[in-house]
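Please keep the sequence and the model in view while I talk.

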Protein chains: 2
Amino acid sequence: MNGYARQREHDKMPTIKTKNQHADQGLIYTAASPYNKITPVPIGAVTMGEGFWKTRIEANRTKGIPALLAQLEEHGTVDNFRRMTGRKDVDRQGPFFTDSDLYKWMEGAALVLASTPDAKVKQALDGVIDDVVAAQRPDGYLNTFFEGALDNERFRNLGHEHELYCAGHLFQAAVAHYRATGETKLLDCATRFADYLVKNFGPGKIEQADGHPEIEMALVELYRTTGKREYLNLAGFFISLQNFHARQKIGGHAVREAYISAGAADYYAETGDAKLRKALDIVWKDVASSKVYITGGLGSRHAGEAVGDPFELPNERAYAETCAAIANGMWNFRMLGLDGAARYGDMLERALYNGFLSGVSQDTTHWFYVNPLACWGTYQREPWFGCTCCPTNVVRTLAAIPGYLYGTSKDGVWIHLYDNSNMDWHLQDGKKLSIEQKTRYPWDGRIRIAVNPESESDFELHLRIPEWCGKASVEVNGSECKGVKAGEYFEIKRAWKPGDVVELHLKMPVELMEADQRVADDRGQVAIQRGPLVYCLESVDNPDAPLRDLRISEKAGFKSEFKPELVGGVVTIATEAEARSGSKRNSLYHPLSGDKDGKTRDYKVTAIPYFAWANRGPSEMEVWIPLSRS
Amino acid sequence: MNGYARQREHDKMPTIKTKNQHADQGLIYTAASPYNKITPVPIGAVTMGEGFWKTRIEANRTKGIPALLAQLEEHGTVDNFRRMTGRKDVDRQGPFFTDSDLYKWMEGAALVLASTPDAKVKQALDGVIDDVVAAQRPDGYLNTFFEGALDNERFRNLGHEHELYCAGHLFQAAVAHYRATGETKLLDCATRFADYLVKNFGPGKIEQADGHPEIEMALVELYRTTGKREYLNLAGFFISLQNFHARQKIGGHAVREAYISAGAADYYAETGDAKLRKALDIVWKDVASSKVYITGGLGSRHAGEAVGDPFELPNERAYAETCAAIANGMWNFRMLGLDGAARYGDMLERALYNGFLSGVSQDTTHWFYVNPLACWGTYQREPWFGCTCCPTNVVRTLAAIPGYLYGTSKDGVWIHLYDNSNMDWHLQDGKKLSIEQKTRYPWDGRIRIAVNPESESDFELHLRIPEWCGKASVEVNGSECKGVKAGEYFEIKRAWKPGDVVELHLKMPVELMEADQRVADDRGQVAIQRGPLVYCLESVDNPDAPLRDLRISEKAGFKSEFKPELVGGVVTIATEAEARSGSKRNSLYHPLSGDKDGKTRDYKVTAIPYFAWANRGPSEMEVWIPLSRS
């Protein structure tokens, strides 16, 4: 047993003895967090079956991970470390924050290893770890931008130079690597750096936080793994400096806002700081009620990559950075852990299936930084960005998916997300439990859940009934349960026996969604949604229809059909739409009464999931479709 | 007769002998322009009667002009000239382009003097002219930013430092001053500077245009007044450098784009350059069909003060700089002169009554730089801006209004805009003609036009029938004319006798306007319009109604009423609107079907003309109102 497996002082829960204690720790390790309710089941305890996410997780492992490392090598991101040790004699390349890109890739590779032994990934990661660790200074500091003459200027411009942001990503990679492998080489490097930060930051020392939050949640997680309370305290110090407690709204850079909120949620889980929790609730409500896209994306403005005013949610000019959807998911996953409110799981699901997944191509090698909700042919995916934060963030998030599905609390087990999978784990009292999901979710809403405790035991199974699902039913061993409600976790408390089966049926008719009319950009328009998936019209599926002129009737009929050959297999939605023609067509403004003179022509159109667009060459795309008045 | 009254070589029209030949020249002096059709009747020949514009012109003369000069003095804009001559020992103040602000004020003051003898304005203007002219260098150059060490760096950064832009405004002020007064002190200063530019710019000399167009139209006008063809050629050189001939669309900075287009139209009027005319038509159509606000405002983006992509016309985040509406009007006035197509007069009217006039408060002392079409309480008028281009531009434009109303062509006389006024002028053959308009326009569409030639004569009277007017009628001495069509000039060709009366009736029912649905920001919404005026809902008139939640029915009834006490007297429009309440109200996205569960509440609401908003303290405002589906 290594030094990191020791129990924390305040850890009052019984220690579960397993052969790999490091692997007991989930995506975030909150089993001992006093103000947390649900703790994630670790990735290693979840086996994904053939299905929606496995396809993507495998593409990420076999294509995305190596392709992105090749890009990082090509652009000098790894060499930036090698030159520190003389392993490579090259100039430093890329912006000042490139270290964080490599760290995110490393975290992704480590998360891959947590679920799948993959010799190639392991070898590549080991090599990179060796280069990174070798570059660390004797005093623990590590940043490839601040070297040479700049080595004496560490922390000179924390507001803009991302030093602690990079450190945070190192810590997250190190924790993930330790949890996946039990190896401590990178974790030791991280703690040396964290100790250096503890020595240099705090009251009476450097009293400044990084302009780009991220280190806060990383420090809490490092504390959770090492038990070193100084790390938690330093996280709290940074959160206080940013005055999170006083927040009345979300504002400014979307990713930073979601990261600091995630960090605050982590810190609350450990400390129970009531003011922090209140601020979290206020900020969360501000986002959910007025500042999030229907895709779960955040960030309305290109300027400053910022969230906008309430209800400022432009579609074509949306920023909705992929990183912001990821950060939104991370934050909501932490909020969900705090109290198990389904609204956080709903937001996580919305972000994952839409605004996050749109950020990556089907083959996991081309990326979106910006995720607009309408496009008139001018925007495409790229294999690389000068600021490549999003691709590396996608890679670590896809690898993390198995860790989002299941959780445990004192009273039982929780299923947050649905997909073919096996959970082989235990309740918090140590009793072994396996759960098997069989489903075609999100294409179909029927989920068969086999519940197999090692022996009969009383506990609660919590099933998230998504807020989008107006008609959900639950049967246990063929008997229907009562009181199933959308937007809540449905609790089944019983003496579970091996062989018990739950049939969850989330009916997913096609819905036309509308927005609060204060969202000026969505007025008079509807978005097609089916289950958790937001749909769009893409021109490649509708070559004969004038996409930008189409209107849809609220009485439109829909036909959903799984097309296995389309963008890796998606359910398409066929419907009808109309377009006006006639004399007023070319008038920018005209009397409404004159509109009726125009003729309309009907078109059969096909919608695809929003996440799947921009996989087939340049195209036009639209999520929000004008509603016809007929 | 001074040196500037000489006829130009190419001037083939008969010279009209009047006692003040300088005063024969209208806002733009195109009487001798070979490729121009209509030439403006000069300001001095038009007397505004009590009515819509006179109120504003008088407020401008008595309040705006002195208030703005006081601001220019307070902020050192005039002192910047005085320090050049040692009259004041102060540091230079303000941005590098402040000279242009003073020049625009001077042009405004000169235009005031063209219509009204005003000793105070004359004295103030004479004083400023003296300070400006004294600051001119012996070689003719004049710019208060490039002095001292910078004097050797003239034209070092034409792309960004507005030197020729400032020169252009000096030229325009000088021409206006000469036309108003016959005095040549400022005009001599302008020609000395223009001669210096001719010496320094051109093929084989400095081959670069200013980053901010403006000087092009100023040089053409200076040519029109002085007959010096070098000025016209230099304008053509600058237009060629900017490759206007090849334009396929408008793009970039809205004001600059409209100014260069205005300059190109001026240059075409003199040269008949067919490629230039083609480019003008292409660019105009691009604006009119996809890039202009319903207010006549231009500029969708705060970033770069730029026009956007086609149909990119956000409302709350509109830029629609006051200067851009002015520039749009100037450009269209020039296009109108070229061929007399009513669409240009319609655009001029739209811009003047809406997007331009919104830029100034009722008392002409507070200003908008940005003119949004929706506001949620955070935006107010200011008495001054660090970049104060808009207020000074408003001042010169209000003073110019009388010069926009009437024009003459070879075949007769044109009325472009309607308001109580007398034109005492002559036809192009020299025969005296007076026209009197009696009307309450734009509050009422009835216009009584008394036509009084000095003796019976054959000519055409051209009346603009606005495109907004579906029902217009014309009677001549009580007999109705046939063939009156919206969006055209109606021509009455007859032997006119003293005492003839034309009754024009432009019916102006309230119309709900909609936009081309490719304007995503206006989808499912309507704007209230009556006559040339776009209306808005302002919270100060509707304290009990939840402005942002209102919807209006396409069957709504309207009651128009003149309220003499409201914002200087406006016609208000009363109507009904509904707002939803109910459980879905606080959900950002929800199924359309669920919407019907909500209850609606009806409100009586009052709309005011858009130009009149923001005169009564902080408020919310909205032009585009969602259409209810009921």
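Let me start with a convention: a crossing is called left-handed if the near helix is turned anticlockwise from the far one by less than a right angle, and right-handed if clockwise. What we have is a predicted model, in which local features need pLDDT of at least 70 and side-chain atom pairs count only at pLDDT 80 or more, while totals for chains, interfaces and linings use all residues. Residues are numbered from 1 along each chain as its sequence is written, chains are lettered from A and ligands numbered from 1 in the order in which they are written, and side-chain values use heavy atoms, with hydrogens and water left out.

By that convention, α12(A) and α13(A) make a left-handed crossing. Helices (H or I, at least four residues) and strands (E, at least two) are DSSP runs, numbered from the N terminus. The axes of these two helices, α12(A) and α13(A), come within 8 Å and cross at roughly 160°, which makes α12(A) roughly antiparallel to α13(A). Axes here are lines fitted to C-alpha atoms, for helices over the stretch in contact, with angles running from 0 to 180 degrees between N-to-C directions; under 35 degrees counts as roughly parallel, over 145 as roughly antiparallel, 65 to 115 as roughly perpendicular and the rest as oblique.

Contact means heavy atoms within 4.5 Å, and among the residues of α12(A) that meet α13(A) are A:Ala325, A:Phe333 and A:Leu336, with A:Tyr344, A:Met347 and A:Phe356 among those on the α13(A) side. The residues of this contact between α12(A) and α13(A) divide into 10 nonpolar, 6 polar and 1 charged, where Ala, Val, Leu, Ile, Met, Phe, Trp, Tyr, Cys and Pro count as nonpolar, Asp, Glu, Lys and Arg as charged, and the others, Gly among them, as polar.

The second pair is α3(A), residues 98-115, and α4(A), residues 119-134, which pack at an angle of about 140° with their axes 10 Å apart. These two helices, α3(A) and α4(A), are therefore oblique to each other, and their crossing is left-handed. The contact of α3(A) with α4(A) has 14 nonpolar, no polar and 1 charged residues.

Now to α14(A), residues 389-400, whose 12 residues reach 17 Å from first C-alpha to last, close to the 16 Å expected at 1.5 Å a residue, the expected span being 1.5 Å times one less than the number of residues. Is this helix, α14(A), enclosed or open? Since 12 of its 12 residues are buried, α14(A) is largely enclosed by the rest of the structure; buried means under 20% relative accessible area, exposed over 50%, and partly exposed in between (1.4 Å probe, protein chains only). The cover over its buried residues includes α1, α3, α6, α10, α12 and α13 of chain A.

A:Glu321 sits in the loop between β4 and α12 of chain A and, at 3% relative accessibility, counts as buried. Beyond its neighbours within four places in sequence, A:Glu321 is in contact with residues including A:Cys389 and A:Cys390, both of which are buried in α14(A).

Finally, in chain B, B:Gln25 lies in the segment before β1 and is buried, with a relative accessible area of 8%. Not counting residues up to four places away in sequence, B:Gln25 touches B:Pro42, B:Tyr178, B:Arg179 and B:Thr225.
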